Amino acid sequence: MSLNSCAWKAPSNIALVKYWGKHGRQLPMNPSISFTLNSCATSMEMMWTAGSGKVYLSFAGQKAQKFEDKIHAFLHSIIDLFPFIPHYDFYIKSENSFPHSAGIASSASSMAALSLCLCTMAQTIEDFPAVGSDSFYQLANFVARLGSGSACRSIYGGAVLWGECPVEGSSNTHALPFKKLHSNFTNYQDTILVVDNNEKSVSSRVGHSLMNGHVFSQSRYHQAHHNILKTLDALSLGDLNMMGELAEEEALTLHAMMMTSHPSYILMKANTLIAIDEIRKFRKESALPLYFTLDAGPNLHLLYPESIKIEVNKLIDSKLSTLCMQDAIYDSVGCGPEKLA
Ligand code: PMV
């Protein structure tokens, strides 16, 4: 690794209270909170030389024109923050630890990794906070937010809050690590059931925009403000059931917004609903705290404490795996990004 390079590994995250609807320069219409994942992550190496703002990207060892164009557009959209960008060329190698289109937010982990690399580069060029300092992470999550809103929550480990709410320090421009996470959530599990791995028909970008003028938007934003406070309570009290009920309500509301937008669309599949039924049946019969959430797609995230892993695995093997297109992805709450070089 030369002086003109750095590498970061940044995790993905799964929202408990969903960010859905935005305004201005990537500002959320409501606060959201997520768990940072442990093993689903992007590893990115960035090298830079004097140049004219060109970007060369290899993704998993292959040229990836679509991602290269996206990164190029992003870098050129933040020249106001990093005026040096047009004077360098960027050589980026990126890879994900999880399969593409598996229902795991790759934009969150990749934009988080890119922002951490950029902020590390900035430190070698201009006056910039030291890598690893609080201000460094604050700037990195500000930048990540501009790349993909939810990416700002991937800059910290544990549970991460983004958006103004009655919590000191909360902000629409920065994410904030939630410091009072109860030990019941240590090693909390997120197992992803890949019901369908085809590219989704409507992007999140379009989904966010359909919240403008949506007939239920104001009630949704009101509900999210209410749910964030209840979720923060559940996370600090260690109340697995309260947190799980809220996560399910949020997941289904997210999809209800899609189904009632204009035009309307449905991202869940028949097997998503069958799996939800099985999860709820299992919970009723066993009284064990297994819950689900959904991202903007058909795949289910099973949320549960490590102590019931054996029972959940039996359920996956006996009832859920036949509803999936590929093996489940086992993950858990993680501690945030890691500087690799
Ligand atoms: O960060 P974006 O613009 O890809 O939006 C993500 C929105 C959801 O993943 C559906 C919810 C969330 O809060 O992560």
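Predicted model: local features only at pLDDT ≥ 70, side-chain atom pairs only at ≥ 80, totals over all residues.
Me: Which residue places a backbone N or O atom 2.9 Å from an oxygen atom of the ligand?

Reply: Among the 13 residues around the ligand, those that come nearest are Tyr-19, Ser-150, Arg-153, His-208 and Asp-295. For Arg-153, the atom lying 2.8 Å from a ligand oxygen belongs to the side chain. The backbone atom at 2.9 Å from a ligand oxygen belongs to Tyr-19.

Me: How many residues of the shell around the ligand are charged?

Reply: The shell divides by class into nonpolar, polar and charged residues. Five are nonpolar and five are polar. The charged residues number three.

Me: Where does the ligand sit, and what is the volume of that pocket?

Reply: The ligand sits in the largest pocket. The volume of the largest pocket is about 1,400 Å³.

Me: Which helices each supply at least two residues of the lining of the largest pocket?

Reply: The lining of the largest pocket comprises 18 nonpolar, 20 polar and 10 charged residues. The strands β1 (5-17), β5 (55-59) and β7 (88-96) each supply at least two residues of this lining. The helices that do so are α1 (65-77), α2 (106-125) and α4 (204-209).

Me: Which elements give two or more residues to the lining of the second largest pocket?

Reply: The second largest pocket has a volume of about 400 Å³. Its lining has 15 residues, with Glu-168, Leu-176, Pro-177, Phe-178 and Lys-179 nearest the centre. The elements that contribute two or more residues are α3 (134-147), β9 (175-177) and α5 (217-237).

Me: Which residue does a cis peptide bond join to His-262, and where is its place?

Reply: The cis peptide bond joins His-262 and Pro-263, with omega at about 5°. The place of Pro-263 is the loop between α6 (240-259) and α7 (270-286).

Me: What is the phi of Ala-60?

Reply: Ala-60 lies in the loop between β5 and β6 (62-63). Although Ala-60 is not a glycine, its phi is positive, at about 50°.

Key:
Residues numbered from 1 in each chain as written. Heavy atoms only, no water. Near = heavy atom within 4 Å. Polar contact = N/O pair within 3.5 Å; in protein donor to acceptor, adjacent residues only side chain to side chain. 1 Å grid on protein atoms, 1.4 Å probe; cavity = no way out; pocket = protein on both sides within 12 Å on 5 of 7 lines; lining within 4 Å. Sits in = over half its atoms within 2 Å of the grid points. Nonpolar A, V, L, I, M, F, W, Y, C, P; charged D, E, K, R; others polar. Points joined across faces, edges and corners; volume = space filled by probe spheres on them. Helix = DSSP H or I, 4+ residues; strand = E, 2+ residues; numbered from the N terminus.
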